[in-house]
Amino acid sequence: MTKITDHIRNANGKPIFSIEVIPPVKGDTLKNLLDNIEPLMAFKPPFIDVTYHREEYIERPLPDGTIQKIVTRKRPGTVGICSAIMHKFGVDPVPHVLCGGFTREETEDFLVDLHYLGIDNVLVLRGDPAKPFNTFKPKDNGYSYASELVEQVANMNNGVYLHEEDTALSPSDFCIGVAGYPEKHFEAVDHEIDFQYLKQKIDKGADYIVTQMFFDNQKYFDFVGKCRQAGITVPIIPGLKPLSTRKQLQVLPRIFHLQMPPDLVTAVEACENDQQARQVGIEWCIQQCRELIAAGAPVLHFYTMGKADNIAKIAKEVF
Ligand code: FAD
């Protein structure tokens with residue numbers, strides 16, 4: 001398998017197309033996901049990210065008046081999907097690896113499985129709070145921040161495993177990605193402190209950054225500029241999501257803590273239906289892509305979130 005940083009190097013400045021997919025809800029078939037992304041293979045993504053969804057805590061009232069407490073995962077299957085992507089499309093999968101819901105020993109087991117499968121790229125994240133909670137809580141003996149997990153992966157890459165005296169064990173060879181937030185991570189008090197912690201992830205061994213989605217390219221350009229000023233030299237991959245419904249004007253800013261540019265808001269508000277809004281989203285994203293390519297973005301990374309026909313239309317115009 002090829003590392004993301006090598007894919008970028010091998011492209012010699014030509015922009016790369018890539019996507020992120022979300023595992024289906026438990027009980028759904030994988031076929032829908034694979035059928036959805038198959039048309040995107042025409043644009044030759046060298047890698048595909050697969051998100052990870054941690055456990056949720058549910059309370060279900062029973063007929064006898066008691067409450068049944070359930071811990072369940074609604075979208076399992078990240079590693080299986082990675083394997084399916086490797087075998088069906090011959091594309092390098094990038095599983096997301098979370099702090100949330102894992103002890104450091106469970107993380108090590110997870111990484112060992114990936115290593116044995118020949119998966120050499122991981123996107124390391126803290127993860128969202130477990131539903132229905134609002135704040136992130138690590139598991140006992142788990143990590144509070146992605147930088148700690150980056151350190152564990154980097155240690156494994158040096159042959160250092162947990163609780164082993166021998167420090168010359170067979171090393172893994174993971175290329176480590178981390179998340180960056182052009183519009184600031186919502187919990188950070190200010191941009192400066194968020195940058196310090198991003199820098200910490202790089203200093204501990206991360207090889208590249210993938211950004212949260214944004215609709216105003218200036219936010220990405222400012223973010224890259226600040227990273228470079230701070231001495232962060234790794235590739236910074238812009239994450240893109242074409243807006244596809246009128247409701248997303250409110251939903252995306254609420255969930256992902258971003259601002260919609262006024263011109264996009266005006267154009268979507270003038271739409272009479274979601275079909276028109278989807279077309280506005282496609283055209284907006286095409287403009288974003290053209291500008292990002294002109295500015296030298298190494299990869300255009302699309303969040304598919306289900307149906308991907310709009311991404312195919314965008315890719316057809318820009319690749
Ligand atoms: P961190 O880098 O740990 O930062 C979290 C917060 O803590 C920030 O505010 C940061 O400034 C602060 N911080 C960092 N280090 C320290 C420190 N040492 N002391 C004090 N404060 C600190 N979520 C999922 O559940 N599954 C996924 O598959 C998934 N994929 C994602 C993919 C991308 C590209 C992005 C951008 C996000 C994704 N997320 C996913 C969401 C992500 O898990 C959340 O945004 C989460 O809230 C933060 O993750 P992080 O890795 O950026 O955390």
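Predicted model: local features only at pLDDT ≥ 70, side-chain atom pairs only at ≥ 80, totals over all residues.

Trainee: How many residues does helix α4 have, and how far does it reach?

Mentor: Helix α4 covers residues 104-117, which is 14 residues. From first C-alpha to last it reaches 20 Å, close to the 20 Å expected at 1.5 Å a residue.

Trainee: Which residues of α4 are buried?

Mentor: Buried here means under 20% relative accessible area. In α4 that covers T107, E108, F110, L111, V112 and L114.

Trainee: Now the rings. How is a pair of aromatic rings described?

Mentor: By the distance of the centres and the angle of the planes. Searching the whole structure gives 10 aromatic pairs. Take F17 and F302: their ring centres are 5.5 Å apart and their planes sit at 40 degrees, so this pair is tilted.

Trainee: Where do F17 and F302 lie?

Mentor: F17 is in strand β1 (residues 16-21), and F302 is in strand β10 (residues 299-303). The pair therefore ties together parts that are 285 residues apart in sequence.

Trainee: Is F17 buried or exposed?

Mentor: Buried, at 1% relative accessibility. F302 is buried too, with a relative accessible area of 0%.

Trainee: Which residues form one aromatic cluster with F17?

Mentor: F43, F302 and F319.

Terms used
Residues numbered from 1 in each chain as written. Heavy atoms only, no water. Phe/Tyr/Trp six-rings, centres within 6.5 Å; stacked < 30°, edge-to-face > 60°. Helix = DSSP H or I, 4+ residues; strand = E, 2+ residues; numbered from the N terminus. Buried < 20%, exposed > 50% of the residue type's maximum accessible area, 1.4 Å probe, protein only. Expected span 1.5 Å × (residues − 1).
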